[in-house]
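Please look through the sequence and the structure before reading on.

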Amino acid sequence: MGLGGCIILIAVGAILTFATDWDMQGVNLDLVGIILMVVGLIGVSTFSSIARRRRVVMPPNTPVVEEERPHSRRNGYSDGYGV
């Protein structure tokens, strides 16, 4: 579940808890809304900790060192033509 799914869970839970006035036999919608909000918050915290671990920090101004390779050319030609 991504960050968007977690935010949707929090929003649906808040709507069920604070904005509805329904009464259902055997179902406490306030409790269902609170459970959805808690699950959404756990998802957001898990997603943010995983995203923080994926971030790679490079030191600034790292010099790039290229090694020189010996050329395997004969007489200035590398493909064999004109020899």
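## Terms and model

A residue is called buried when its relative accessible area is under 20%, and exposed when that value is over 50%; partly exposed lies in between. The model is predicted.

## Helix H1

Helix H1 covers residues 3–19, 17 residues in total. From first C-alpha to last, H1 reaches 23 Å, close to the 24 Å expected at 1.5 Å a residue.

Which residues of H1 are buried? They are Cys6, Leu9, Gly13, Leu16 and Thr17. These residues lie on the same side of H1 because the arc they cover around the axis is only 95°. An α-helix has 3.6 residues a turn, so residues three or four places apart point the same way. On the face of H1 turned away from the buried side are the exposed residues Ile8, Phe18 and Ala19.

## A nonpolar surface patch

Met1, Leu31, Ile35 and Val39 make up a nonpolar patch on the surface. Together they have about 400 Å² of accessible area.

One of the patch residues, Leu31, is located in helix H2, which spans residues 29–54. Leu31 has a relative accessible area of 46%, so it counts as partly exposed.

## The protein as a whole

The secondary structure consists of two helices and zero strands. Of the 83 residues in the protein, 12% are buried. The accessible surface comes to about 7,600 Å², and carbon and sulfur atoms account for 59% of it.

Among contacts with a separation of 6 or more, 52% are between residues 24 or more positions apart.

Note on methods:
Residues are numbered from 1 along each chain as its sequence is written. This is a predicted model: local features need pLDDT of at least 70, side-chain atom pairs count only at pLDDT 80 or more; totals for chains, interfaces and linings use all residues. Side-chain values use heavy atoms; hydrogens and water are left out. Helices (H or I, at least four residues) and strands (E, at least two) are DSSP runs, numbered from the N terminus. The expected span of a helix is 1.5 Å times one less than its number of residues. Buried means under 20% relative accessible area, exposed over 50%, partly exposed in between (1.4 Å probe, protein chains only). The arc is that of the directions from the helix axis to the C-beta atoms. Patches are made of residues with over 30% relative accessible area and no salt bridge: like charges are joined within 9 Å, nonpolar side chains (Val, Leu, Ile, Met, Phe, Trp, Tyr) within 5 Å. Accessible areas come from the Shrake-Rupley method with a 1.4 Å probe; for residues, only the protein chains shown count as cover. A salt bridge is a side-chain nitrogen of Lys or Arg within 4 Å of a carboxyl oxygen of Asp or Glu. Contact means heavy atoms within 4.5 Å.
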